[in-house]
Amino acid sequence: MTQASLSIDEILVAFKFNDGVYQREMVDAAIERRDDIIPRLIEILQQVLADPDAYVENEDLMDHIYALMLLGHFRAEAAHGVIADLFSISEESLDDLYGDIVTGDLPAILANTCGGSLERMKTMALDAEVGDYARLSALEGMAYAVADDMTLREEVVTLFGTLFTGREADNDSDFWGLLANTICEVYPEENMPIIEKAYEDGLISQGMIEIKDFERALKEGRAATLDKLRAKREAYALDDLHASMAWWACFEGGEELIAPAGPTDLFLSDTYAPTMTKPKKQDKGKKKKKRKQANASKRKNRR
């Protein structure tokens, strides 16, 4: 059966459950039927948003992940609203539904689908009810918009500088440290007084990003710093969906697990390749603590 002869229903059935094999041919078929399949992929995300527990309780479901990644690849502006809404649900549900995507590909997906408007990403970033990692992905998505020349750097830099009042997140949150990293990526000159005070107030942990990282960026200059951001953005463009997905550990039955070159984690400027797995249910407190510790360690070893 050729890709052209496959119906949309046949493609979506293949995406429904994970059998350990990456559905390369079906992804190609979906790409070939781009305009026809986009509304159906959006419907899948709408179903997840309407009843996330149905997906959380069935760990074998996979169509919501294929749908999200394909819509990001397609740069489907019609999907931006439901994606923003979906990633504004509880952090615990997102961890079960999308795992490492929240801190990996989500910024690119948000930037790819925003159509040049940052408003939904701003809403996510400013909403303390949204999980910290989704909020930070929205902020990183804005940085990617700067890299893509979709928005003025000054607009994003100004917004970032308003988020260090100490009221944006819980006292033990990684929010400010990870936001500081994004500020460093877009060149920190204008926000240095705010960053220095945030260190004094204990909002930013030196274990996540050190003041010398900002000093290094200032020394290298704005052009060089933004060139690094553009390189990171290019690595996350999702232009080659096979390269972005086929190496995930949840597809260990069908593809060689070779991580793509370039940065593969929201919180790192250097190369790092996390293993994408379909998350299993575990103690939420332990999971959150483990992730915080891992990100702190990654940031400390970033060079």
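Student: Why is Lys232 called buried?

Tutor: Good place to begin, and keep in mind that this is a predicted model. Lys232 has a relative accessible area of 3%. The cut-off for buried is under 20%, so Lys232 counts as buried. You will find Lys232 in helix H15, which covers residues 222-235.

Student: What makes the pairing of Lys232 and Glu140 a polar contact?

Tutor: The side chains of Lys232 and Glu140 are joined at 2.7 Å. A polar contact needs N or O atoms within 3.5 Å, one able to donate a hydrogen and the other to accept it. The value of 2.7 Å is within that limit, and the pair is listed as a polar contact.

Student: Is Gln23 buried or exposed?

Tutor: Gln23 is buried, with a relative accessible area of 17%. That value is under the 20% cut-off, so the word buried applies here too. Gln23 lies in the loop between helix H1 (8-16) and helix H2 (24-32).

Student: Which residues does Gln23 touch, leaving out those up to four places away in sequence?

Tutor: Gln23 touches Ala14, Phe15 and Tyr66. Take Tyr66: Gln23 and Tyr66 are 43 residues apart in sequence, and their C-alpha atoms are 9.3 Å apart in space. Touching means heavy atoms within 4.5 Å, whereas the 9.3 Å runs from C-alpha to C-alpha.

Student: Which residues of H1 and H3 meet?

Tutor: On the H1 side, they are Ile8, Asp9, Ile11 and Leu12. In H3, their partners are Asp36, Ile37, Arg40, Leu41 and Ile44.

Student: What do the buried residues of H11 pack against?

Tutor: They pack against helix H9 (119-126), helix H10 (132-147), helix H12 (175-185), helix H13 (192-200) and H15. The buried residues of H11 include Val156, Val157 and Phe160.

Student: How many helices and strands does the protein have?

Tutor: There are 17 helices and zero strands. Of the 303 residues in the protein, 55% are buried.

Methods:
Residues are numbered from 1 along each chain as its sequence is written. This is a predicted model: local features need pLDDT of at least 70, side-chain atom pairs count only at pLDDT 80 or more; totals for chains, interfaces and linings use all residues. Side-chain values use heavy atoms; hydrogens and water are left out. Helices (H or I, at least four residues) and strands (E, at least two) are DSSP runs, numbered from the N terminus. Buried means under 20% relative accessible area, exposed over 50%, partly exposed in between (1.4 Å probe, protein chains only).
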